[in-house]
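Below is a short report on selected helices and sheets. Look at the structure first, then read on.

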Amino acid sequence: MPLLADVAVPVPLSQAFTYEVPAALAGEVRPGARVLCEFHRRKLLGVVLAVSERSAAIDPSKIKPLAALVDARPALPAELLSFLQELAAYYFAPIGEVLRLALPAIEREQVRALKAQGELNGVLDLGRAKQVGGRKVAYARATDAVEEPGTLRGQAAAVLALLRANGEQPVARLEERFGNARSALKKLAERNLVALDEREPPRDPFFRLAEARDVPPELNAAQAEAAARIDAALAAAPAPGAGEHRAGAPHEPRPAAPSAFLLFGVTGSGKTEVYLRAIKSCLERGRGALVMVPEIALTPQLVARFRARFGDALAVLHSGLSDADRHAMWSSLHGGKVRVAIGARSALFAPVPDLGLILVDEEHDGSFKQEEGVRYHARDMALLRAHRAGAVCVLGSATPSIESVALVRRGKLTELRLPDRAHREASLPEVTLVDLRRFGAGPSGDSLISLPLHRALEKTLAAKEQAILFLNRRGFAPSVVCGSCGTLTTCEACSVALTYHRGRRRDAPPPAAGAPAAALAAGAPAAPAPAGAPAAPPMDERPQGGRLRCHYCDYAGPLPDRCAACGSRTLLLEGLGTERLEATIAASFPEARVARLDRDVAGKDRSQAILARMREGKIDILVGTQMVTKGHDLPNVTLVGVVNADAALGLPDFRAAERGFQLLVQVAGRAGRRDRPGRVLIQTRNPEHPAIAFAAAHNVPGFLDREIRDREEVGYPPATRLALLRVDAVDESVGRGAAAKLAAHARTCPEGLARRVEVLGPSAAPIARLRGRYRFRVLLRARERGPLRGTLAALVGLMRDGLDRNARVIIDVDPVAML
Ligand code: ADP
Ligand code: ZN
Ligand code: ZN
């Protein structure tokens, strides 16, 4: 019988392909190793999933031999390989694409050897190989060439639009954003629309941070208890090396000791210190650890704390790394030289040796869900990977996700609580709700800077303390409306309003009219509103050089002269974005140093520079989006203002209340983290909303209880399980037709007929058109996972060959983004 290998190749197909192992390679080709194999006349780099001696299920003459073996030592350890296969099955994702998430760049020597054997295609084609070994980073920029109208679709069009709008970008950053960035760039480069080149990498900001070793503080009682429980779980976990066996035998029973925890600690309670101790005990037991954080670029301080404790024993995985550095990190983990990895979502796939511990910090954070390409949830998959590897998993948060709380209630997670702030003098801040229906505009004239907020800012400045203002809208004005006919300016490609961005101004912010510092300090009555502050400045004071931007498709264009519908010249800039908030605050508080942190200013290491300045006390008022809510530990911040708490609560998404609540508690948690008491002002028109009322009372368990009950009542997760079929097409009727067909098929498959799966839709998505494509969806809902999977399996065949080719269908298991 021939020796056959099942090989996954990087194509969007879910099956593996069979190749014959040539006699010369017998015994050397092992699961997890990369091989070169012929696929439709191209040589592709594949990964061996299994090797066995058996008679082929297909015509033996059709089975080709493997062309070459790339790795003597499998690139993917057995534990990781089997985890990836399970992940692919769970999400109905093509195995080749899933493997790609975990594969390292290839080394230069290997490439040379492979080139000598014949041409290289597929994954190697895009020049990643070239960059490895040379300390270079690949950049992409749009050329002056113009495409034939209508010839670009999907991510190629999106990538090009982004490059045109935002200028040159590192390829690594594009890849983070677009699952198919590489193939899109290849296509664009072939048509000369994009130029790719390589350059010296920017200096890695994480290695610039001081690396003085710190002295671990003595744990308080709650921290000590949590650390002891985790340590006991590590002690009970199977010995090093056992993980690999377990992976091969997934039906082995779980160890009796609890091995998955929810570390529920209020903001500032010292969760990080518990993580550090857990890693230490994991390392002492000879096993490796993996730490996942929401956005590594925003958490240099956190990374610094890990580096201060573990030094070079820590691999920091982030998007700013050059391919060479990334590869170096990958091989030092793979080779067992470094045993701890920290990174964002994609760190889930790091080849940590003898994995003994996975930590997920801020586990509630939405960024753990990948929304492009393979749509996986890194928190859910952390639990799976840990379970399979016989490792301990710790999810940490001050505002645990409803999903995790449900797992605690079902006994699948063990809860560990840190009820108090770690600094003895620190207490949770006092929260005041400002009802915007009762309080009008303060001296700035902007109704969203109420008198109480204005006064609180004055007091903070007078005390030489710092304030954070949180507003969930970037740009200057969230909408542009015609003053005559009321028409909203929308994106041509998407059914959303365009946001006006004023951009960087060369001149200083407008001087505040008659609001000198002395008057403010004396508590003088409100000065008249400074120029630029009224809610809707008319056209004549329209700033120069601003752009209209679409926040969904990266369209950017000039502000039109007149209304497209009626020709009127009075276009009004409506609403308040962070840019305008920054300008208005700067004008109202001329003595204050005001800065802004949002995605528009956060390019490269700017966000770290801004946070560093904040920490050094060089900023008095920091204005920003969610980016200011992340776990920053800024000791001198005593005031947090939530400018508009209602903005997030009205979204058509069953998680809107949960997300709004989390944001409020997290941003409030930035105040009063040391000895000075903190104060939080939440502005709202809806103070009775449970998310707001519970956040104001610091009552996280109360909110969780209520929200779980609500979800049970309306039948949303965690009471049920969801899968979302996302359908889109350039032609509206094509999209609608495909969605209808999917829904009908789901209703008539056995699970649908038996009513074990509820089929909702087809319906238009809340954002009905995006990047020129009409969007529809079918929501599948079930009490149990089994029938849901059965239905999805029944739909996969239809998706492959029963639908209009111009419709694109994506299966999103456990969807997070509902828009
Ligand atoms: P969290 O991650 O829970 O928000 P942190 O880990 O950032 O909290 O801790 C908040 C602050 O308390 C930090 O400045 C940290 O150094 C400090 N801290 C943590 N544990 C202790 C302890 N046992 N004794 C004194 N200070 C501590
Ligand atoms: Zn008009
Ligand atoms: Zn758009």
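The buried residues of helix H15 are Leu-453, His-454, Ala-456, Leu-457, Glu-458, Thr-460 and Leu-461. Buried means under 20% relative accessible area, with exposed over 50% and partly exposed in between (1.4 Å probe, protein chains only). An α-helix has 3.6 residues a turn, so residues three or four places apart point the same way. H15 covers residues 451-462, 12 residues in total, and reaches 16 Å from its first C-alpha to its last. That is close to the 16 Å expected at 1.5 Å a residue, where the expected span is 1.5 Å times one less than the number of residues. Lys-464 follows H15 and has a positive phi, near 60 degrees.

This is a predicted model: local features need pLDDT of at least 70, side-chain atom pairs count only at pLDDT 80 or more, and totals for chains, interfaces and linings use all residues. Residues are numbered from 1 along each chain as its sequence is written, chains are lettered from A and ligands numbered from 1 in the order in which they are written, and side-chain values use heavy atoms, leaving out hydrogens and water.

Helices (H or I, at least four residues) and strands (E, at least two) are DSSP runs, numbered from the N terminus.

Next, a helix pair. The axes of H8 (residues 221-236) and H10 (residues 271-284) come within 9 Å and cross at roughly 30 degrees. Axes are lines fitted to C-alpha atoms, for helices over the stretch in contact, and angles run from 0 to 180 degrees between N-to-C directions. H8 and H10 are therefore roughly parallel (angles under 35 degrees). Residues of H8, including Ala-226 and Ile-230, meet residues of H10, among them Val-274 and Ala-278. Contact means heavy atoms within 4.5 Å.

Now the sheets. Seven strands form an open, parallel sheet in the order S11-S12-S10-S13-S14-S9-S15. Its edge strands, S11 and S15, each pair on one side only. The twist averages 15 degrees from one strand to the next. Helix H12 (residues 323-334) packs on this sheet, touching S11 and S12, and its direction makes about 140 degrees with that of S11.

Three strands form an open, antiparallel sheet in the order S19-S20-S21. S19 and S21 stand at the edges, each with a single partner strand, so one side of each is left without a neighbour in the sheet. Two strands pair if DSSP finds at least two bridges between them.

| Strand pair | Sense | Bridges | Partners |
|---|---|---|---|
| S10 and S12 | parallel | four | Met-292 and Gly-343 |

Key. Angles under 35 degrees count as roughly parallel, over 145 as roughly antiparallel, 65 to 115 as roughly perpendicular and the rest as oblique.
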